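Colleague: Could you walk me through this model before I plan my afternoon around it?

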Amino acid sequence: MHYNKAVFRSLAMISQVGFCVLAPVLFCVYVGYRIDSRYGTMWTIPLLLLGVAGGVRCAWKMIRSVMARERRDQEEARRQRESRFTRTGASRPKQASRIFQAEDKP
């Protein structure tokens, strides 16, 4: 049975993105709650927004890096597929004529 790497990578990315978004939000809410309970201020909401912004930034960077790695892997796979087939005989591309050079054309 053949396993598709892309499926497992996608599942791993989804779980990592969820953790990257959730961790800063929970941390900032916890810090805001501790500050509010100790000093009687209203820092929970601004820190919540800061946590959301940090989580979104982290997720954006992770998704960009995963997409770039996926693109590199696809390009490498394409190169490997093409390198297996060598062109010979009739399938060889047409070569430039020795009679007419690019400078000689009117």
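**Chat about the model**

Modeller: Let me begin with a single residue, bearing in mind that this is a predicted model: V7 counts as partly exposed because its relative accessibility is 46%, a value in between the buried limit of under 20% and the exposed limit of over 50%.

Colleague: OK, and where does V7 sit in the secondary structure?

Modeller: V7 lies in helix α1, which covers residues 5–39, and the protein chain as a whole has 2 helices and 0 strands.

Colleague: Which residues make up the nonpolar patch that V7 belongs to?

Modeller: The patch on the surface is formed by V7, F8, L11 and I14, and together these residues have about 420 Å² of accessible area.

Colleague: Switching to the inside, what makes up the largest nonpolar core?

Modeller: That core has 6 residues, namely M13, V17, C20, A59, M62 and V66, and at least two of its residues come from each of α1 and α2, the latter being residues 44–84.

Colleague: And what does M13 touch, leaving aside its neighbours within four places in sequence?

Modeller: With those neighbours set aside, M13 is in contact with I63 and V66, and V66 is also listed with M13 in the largest nonpolar core.

Colleague: How much of the whole chain counts as buried?

Modeller: The buried share is 12% of the 106 residues, while the accessible surface of the chain comes to about 9600 Å², with 63% of that belonging to carbon and sulfur atoms.

Colleague: Last one: what share of the contacts between residues at least 6 apart joins residues at least 24 apart?

Modeller: For the protein chain, that share is 53%.

Definitions and conventions: Residues numbered from 1 in each chain as written. Predicted model: local features only at pLDDT ≥ 70, side-chain atom pairs only at ≥ 80, totals over all residues. Heavy atoms only, no water. Patch = residues over 30% accessible without salt bridge, like charges linked within 9 Å, V, L, I, M, F, W, Y side chains within 5 Å. Areas by Shrake-Rupley, 256 points an atom, 1.4 Å probe, with all protein chains shown as cover. Salt bridge = Lys/Arg side-chain N within 4 Å of Asp/Glu carboxyl O. Helix = DSSP H or I, 4+ residues; strand = E, 2+ residues; numbered from the N terminus. Buried < 20%, exposed > 50% of the residue type's maximum accessible area, 1.4 Å probe, protein only. Contact = heavy atoms within 4.5 Å. Core = buried A, V, L, I, M, F, W, Y, C linked by side-chain atoms within 4.5 Å.
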